Amino acid sequence: MSGEKHTLWAVMREKGYSRRDFMQFCSFAAAAAGLGPNASAAVAKAFEKKARPPVVWLHFQECTCCSESFIRASHPIVADVLLDAISLDYSETLQAASGHAAEKCKADTLKAYDGKYILLIEGSVPTKENGVYCTIGGRTAEDILQEAAKGAAAIVAWGNCASYGCVQAAKPNPTGATPIQKLVNKPVINVPGCPPIADVMVALVTHLLMFGRAPELDAQGRPKEFYSRRVHDTCYRRAYFDAGMFVESFDDDHARKGYCLYKMGCRGPVTYNACSVTKWNEGTSYPIQSGHGCLGCSENGFWDNGPFYRHLPSFPGFGIESTADSVGVALGAVAAVGVAAHAVSTNIRKRKLIHEQVAEAVKDTPNSEKVD
Amino acid sequence: MPSRHLYRRIYVWELPVRAFHWINALAITVLGVTGAMIGKPFSVTYAQEASFQYWYGTVRFIHFTAGYVFLFNMLVRTYWGFVGNRFAAWDKFIPTTKAAFQEIVQVLKIDILQVRGTGAIHIGHNRLAGLIYFITAFIFGFQALTGFALYASMSHSVFGKMAAWVIPLMGGEMAVRQWHHAMLWFYVLFTLVHVYLVFYHDYVEGRGTTSSMVGGWKFERDDLLDR
Ligand code: SF4
Ligand code: SF4
């Protein structure tokens, strides 16, 4: 597929889409990019004229849930166009070619489209033992990454793995799993989540295709459009949170009534993601709507912030059952005992001093008027 | 045989210092109690519809308000460290001289080993107390910083924005929350030891340590005063 200079519109026509489908897609793209409804004409023009950039999708240490999410985007045309028509020149999971043919296909793309292709990365890169924990075609993940990153027009890190390291990077991180942003010295667009929401992924790729550059990013490299608010901010159970009405156990009456899951360890208040707005699976539901707290899957190090069903995470260095509170209570008890022991010892060891002062004070009383 | 001593009254804690102390104590108490409730809410009432009650939101509101009081109070006290009297001055918190370190050893001997002191002890903060308050000030700062960082996502406050950089630095909001919560226990321990030591010194030395934070006056032996 590489080498052709088709526009998006040409590809869609080839695949039998009507002009109407195309215009629909353009309005979706405009909306996804945060442009007004009037912009879809301009978007259509761009997609008619601009050659689509090739897309290379690399897989490293991951479970392919990002790919799984991606192919379930709610806009069927978008999914179809992006997967079939955009030249997905290299993706172990989705491409038709395999083996040496696949590797050659990628090599050709990197060469022919140097500085133009979009690089999408799923998974973290192991750095321990010279990267032996993940090799493809005899080369280490890091080697493949560095080669592909060099000529990429944009680099996207899909999911928590590529953004923060996810479960592979959880303590003790045996493979030295490292997120992409720490390995390449180019800007990386982080799209965290485990997996990221399909529509968020599609909207981001659409934005890149349309403008050829990244949308507005926050300090952690995440598209602001989808990651500037917490799950908690637009959670439909928020009223119960503010009212102080909480689920106390998963099988109680409060759970049935749909109260706030804060006390069940819901990570919504510390998690930046669009779940409570876009929802999942064509807008059907999201975890909290299904009665389960947020796990914080789009946050850095969320596996190490467990247990998931407790509000406070384990206190580092004190075992899984400990919290800051249990450590604090123990320290408080030690301090209280220490203080009591000290008070007793004071009355024994300082006895003489105290007696002296009392004796002295009595004698001094008549003179005290003179002082000051 | 006890010798007779003349005692003098010294105005140690000026009004702004005393005001700082009690506003701080109040703010920390309110922050601690509401903070603990935010960290571990208990069930108050489920009698009404959610639209008719807002107690948890109110608890959070009080916590945030007290946070502002805590911050500004701290800033005023810092300023007073530069314009206040010599007992309030900033350099009383940082031991630099040999004498200061000798005094710290002295205080440790008196307080921990419980032997009789021989050297000079400051009438204001003793040098060890000063150093501990200096470290405490950093923990106050840490608490304000992490608190406002967590506050950033739910307000347009400039203070929140100014503190937001802490979140990626500490590895996400969960970590910030964890440490902000853990430091609650620092305050519990601090208060316990602080109040005890005040009573202890007053009990053993009779210099009016406890009441000095109300009226500002302490008492010192005349023959020790010119140090
Ligand atoms: S269920 Fe979770 S996200 Fe929703 S209001 Fe409660 S704490 Fe926030
Ligand atoms: S609700 Fe939380 S854990 Fe669930 S998908 Fe959204 S961000 Fe991830």
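Author: Arg9(B) lies over the face of Trp217(B), at 4.1 Å from the ring centre. A charge is taken to sit over a ring if NZ of Lys or CZ of Arg is within 6 Å of the ring centre and within 35 degrees of the ring normal. The model is a predicted one, in which local features need pLDDT of at least 70 and side-chain atom pairs count only at pLDDT 80 or more, whereas totals for chains, interfaces and linings use all residues; side-chain values use heavy atoms, with hydrogens and water left out. Residues are numbered from 1 along each chain as its sequence is written, while chains are lettered from A and ligands numbered from 1 in the order in which they are written.

The ring of Trp217(B) also takes part in an aromatic pair. Over all chains, the structure holds 36 such pairs, where rings of Phe, Tyr and Trp (its six-membered ring) pair if their centres lie within 6.5 Å, and planes under 30 degrees apart count as stacked, over 60 as edge-to-face and the rest as tilted. Tyr11(B) and Trp217(B) make a tilted pair, 5.0 Å centre to centre with 50° between the planes. This pair links distant parts of the chain, since Tyr11(B) belongs to strand E1 (residues 7–11) of chain B and Trp217(B) to strand E2 (residues 217–221) of chain B, 206 residues apart. Helices (H or I, at least four residues) and strands (E, at least two) are DSSP runs, numbered from the N terminus. Tyr11(B) is partly exposed, with a relative accessible area of 34%, and Trp217(B) is partly exposed at 31%; buried means under 20% relative accessible area, exposed over 50%, and partly exposed in between (1.4 Å probe, protein chains only).

A stacked pair is formed by Phe140(B) and Tyr187(B), with 5.5 Å from centre to centre and 25° between the planes. Here too distant parts of the chain are linked: Phe140(B) is in helix H4 (residues 127–152) of chain B and Tyr187(B) in helix H7 (residues 173–205) of chain B, 47 residues apart. Phe140(B) is buried, with a relative accessible area of 7%, and Tyr187(B) is buried at 8%. Elsewhere, ring pairs join Phe64(B), Tyr68(B), Phe72(B), Phe148(B), Tyr151(B) and Phe159(B) into a cluster. A further charge over a ring is that of Arg77(B), which lies over the face of Phe20(B) at 6.0 Å from the ring centre.

Chain B also meets a side chain of chain A. Leu353(A), in helix H15 (residues 351–364) of chain A, touches Arg116(B) and Val204(B), not counting residues up to four places away in sequence; contact means heavy atoms within 4.5 Å. Leu353(A) counts as buried because its relative accessibility is 18%.

The cysteines remain. The count comes to zero disulfides over all chains, a disulfide being a pair of cysteine sulfur atoms within 2.5 Å. For Cys65(A), the closest cysteine sulfur is in Cys63(A), and a separation of 3.7 Å is too far for a bond. Cys105(A) is likewise in no disulfide, as the nearest cysteine sulfur, that of Cys134(A), is 20 Å away. Cys105(A) is partly exposed, with a relative accessible area of 21%.
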